Amino acid sequence: MQSDSVAQQDQLTALRTKNAALQKTIDALVQRVEQSEGLHGSAHRLFEETATLQGTLDERTEQLCTQAENLVEAREELELQAGELCAANRRLEAMRLVIDEHIILGVTDSSGKIIEANRAFSKISQYSQSELLGQNHRILNSGLHDKSFWKKMWKTVGSGNTWHAEVCNRAKDGSLYWVDTTIVPLRDPDGGLDGYLALRVDITARKLAEEGLKRAALFDDLTKLPNRALLGDRLQRCMDKTKRDKDFLYSVLFIDLDNFKYVNDSLGHEAGDELLIETASRLSEAIRLTDSVGRCTDDSTGSFAARFGGDEFVMLLEGLHTPEDAIRVAERVGSTMARPHRIGSHDIAVQCSIGILHGNDQYLQVDDLLRDADTAMYEAKSEGKARYVVFDESMHTRARERLELENDLRCAVESGQIQAVFQPIVHLESGRIVSFEALARWNHPTRGAISPAEFVPIAEETGLIMSIGNGILVEACSLLEKLSRSPDGETVSMNVNLSRRQLFDPAFLPSLDVLLQSLSVPAERLRLEITESAVMDRPHMMKDALASLKALGVQLHMDDFGTGMSSLSLLRTLPLDGIKIDRSFIVAADNDRESIAILNTIISLGRNLNMSVTAEGIEKTEQLATVLALECDLVQGYLFGKPAPKEDAEAILGRTFDGIGQFATPAAKHA
Ligand code: C2E
Ligand code: MG
Ligand code: MG
């Protein structure tokens with residue numbers, strides 16, 4: 001039993017211990033519960049606080065989000081604005097560059113001293129910006145504007161207004177430039193004058209273009225000399241001035257190049273142009289070098305040379321002391337033109353004929369002035385070129401007569417008033433007539449016979465020589481054919497003068513060929529005469545033209561030998577069969593030993609070059625004796641027979657002449 005109680009006691013103790021432990025646990029639990037309740041409260045509070053905080057946070061977050069959104073928007077806006085600002089800045093910079101480059105800006109103080117100058121100003125004026133600053137604006141003065149121009153400017157800006165004009169300024173290197181200029185007076189705060197702002201725009205290119213157009217209208221493109229229009233204007237001014245001022249003297253020189261056409265024809269138009277340019281510079285030089293004429297100082301006054309057209313130039317000489325001053329200029333022109341012209345690889349001798357007209361108050365029209373100067377020039381040409389002639393009233397009459405003659409000549413050619421006459425050419429050794437020279441004669445209905453010396457030059461000039469020459473050629477060949485058929489004429493030849501116009505006419509050669517064939521005339525019996533001066537006018541082209549003729553089989557003789565100054569080396573290269581010594585040498589040899597020596601030289605020259613030599617114009621037995629002694633081959637002259645109609649030629653064919661030019665045998669009678 002005891003054990004039970006102990007056991008029970010033990011159990012009780014154990015229970016008690018357990019109980020105590022439980023109690024502890026319960027207490028702990030209670031404590032925990034209590035704590036938990038506290039925590040719960042705290043938690044609840046926390047929860048509440050958290051909720052509050054969350055609310056606040058949400059609100060803030062929302063606010064921040066809104067703010068952030070706003071900021072993004074603002075940033076975007078700012079970025080946009082920044083972009084626009086950058087673009088605007090770029091535009092401004094570009095504008096600044098353009099302005100700095102192209103708008104010439106300068107500021108001067110009230111005394112005209114430059115105090116601001118941009119890059120464009122420096123660039124156009126060629127002064128550096130530092131060189132410009134402190135300078136007076138007058139350093140830009142070109143001197144091209146007169147006093148009244150500047151007076152107007154000062155008056156405008158002085159009264160506080162903006163002045164605007166096109167101004168020509170001078171750059172540092174002396175060159176000129178044009179600027180469209182606006183000058184604005186600047187005011188200080190008190191309203192006083194503080195200086196001037198000058199805004200300029202470069203218009204040089206436009207001005208030059210305008211100037212170019214003006215020049216094109218008034219100046220010759222090739223030679224750069226004033227043209228006919230500008231000349232006319234200046235001549236008119238001179239005419240007006242002489243009426244106001246009796247002491248004002250002026251002269252007009254009408255200048256025409258001699259044989260310019262042949263330079264063009266033989267060396268080409270480029271060479272011709274070069275010659276004209278060279279002539280222009282020599283003419284201007286002649287004025288420059290002559291002290292007694294008022295020289296051209298600018299575009300509006302003074303003496304100058306103008307190109308009238310083609311190879312014609314006109315010099316207007318103003319401010320002369322005496323009319324002789326114009327003669328001196330003409331002489332200078334003559335001597336300057338006489339110098340050979342180097343054109344390409346050629347040295348060309350081209351001289352000029354000058355007509356001088358002294359202006360007077362009787363002239364009312366520019367055309368009249370020029371007409372008279374031209375008439376005088378024409379006189380110079382007819383007197384042998386390379387000279388000057390002063391106009392006088394009698395030239396009018398001559399010019400009119402010449403014009404009438406020219407008209408008459410046209411009719412004469414059409415109505416067959418021009419016919420051939422024939423003059424015998426005699427072989428000295430045998431005394432036989434070996435040829436006839438066909439010479440043109442004009443039987444004018446009212447004036448009677450007119451000499452070829454008078455009408456051939458007009459015919460040459462007008463081109464009528466082609467029909468005249470060809471007509472004579474046909475007559476001559478027809479007679480030659482007729483004479484050839486007679487026993488005395490089996491070997492007779494026919495000399496025909498050939499103008500250079502015919503020679504250079506492309507149709508001439510074929511038509512001559514046809515003529516010779518149609519008449520069955522042997523080509524070698526036709527002797528074509530070309531004057532030495534014609535040969536010398538165009539020696540280069542002449543060689544080929546003569547060679548083509550020669551190929552046809554005809555004979556070629558150089559006429560009027562000794563007057564055209566041909567070079568001996570050239571003579572050697574031409575396909576010539578003979579030379580005809582000009583009559584002047586025969587006349588000179590009458591009483592002059594030196595002329596006989598010259599005659600002798602010419603005859604020997606011909607002989608040495610294997611050419612026949614004809615002495616022209618033998619009128620006297622003494623002359624015949626001279627050429628006989630010098631062993632000339634052929635003679636022609638009044639002593640043997642004057643040029644006569646074809647019937648006379650037929651009649652004398654077959655006669656021989658003795659040593660004194662008398663008929664030794666009568667002509668045989670022909671059927
Ligand atoms: P040219 O060819 O030298 O002709 C010779 C000239 O001298 C001719 O003059 C002739 O009449 C003249 N004459 C001949 N013997 C004597 C003389 O003893 N004394 C004098 N004082 N004169 C003499 P013309 O007929 O007056 O002819 C002059 C020039 O006109 C010619 O000179 C020739 O160059 C030219 N000519 C004449 N007919 C023609 C023609 O059909 N065509 C061409 N292109 N020219 C011609
Ligand atoms: Mg002749
Ligand atoms: Mg002759």
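1. Valine 107 lies opposite leucine 197 of strand S5. The model under discussion is a predicted one. On another side of the pairing, valine 107 also stands opposite glutamate 116, a residue of S2.

2. The strands behind these two pairings may be set out as follows. Strand S1 covers residues 103-108 and pairs with strand S5, residues 193-202, in the antiparallel sense, with 6 bridges between them. S1 is likewise joined to strand S2, residues 114-117, by 3 bridges, and these two strands also run antiparallel.

3. As to the overall layout, the domain assignment gives domain 1 (102-209), domain 2 (219-392), domain 3 (420-576) and domain 4 (579-639). The centres of domain 1 and domain 4, taken over C-alpha atoms, are separated by 83 Å.

4. Arginine 402 belongs to helix H11, which spans residues 394-415. Its relative accessible area is 15%, and arginine 402 therefore counts as buried, the cut-off being under 20%.

5. Which residues does arginine 402 contact, leaving aside its neighbours within four places in sequence? They are Tyr378, Ile458 and Glu461. With tyrosine 378 there is a polar contact between the two side chains, at 2.2 Å.

Key:
Residues are numbered from 1 along each chain as its sequence is written. Chains are lettered from A and ligands numbered from 1 in the order in which they are written. This is a predicted model: local features need pLDDT of at least 70, side-chain atom pairs count only at pLDDT 80 or more; totals for chains, interfaces and linings use all residues. Side-chain values use heavy atoms; hydrogens and water are left out. Helices (H or I, at least four residues) and strands (E, at least two) are DSSP runs, numbered from the N terminus. Buried means under 20% relative accessible area, exposed over 50%, partly exposed in between (1.4 Å probe, protein chains only). A polar contact is a pair of N or O atoms within 3.5 Å; within protein, one must be able to donate a hydrogen and the other to accept it, and residues adjacent in sequence count only if both atoms are side-chain atoms. Contact means heavy atoms within 4.5 Å. Domain bounds come from an automatic or database domain assignment. Two strands pair if DSSP finds at least two bridges between them.
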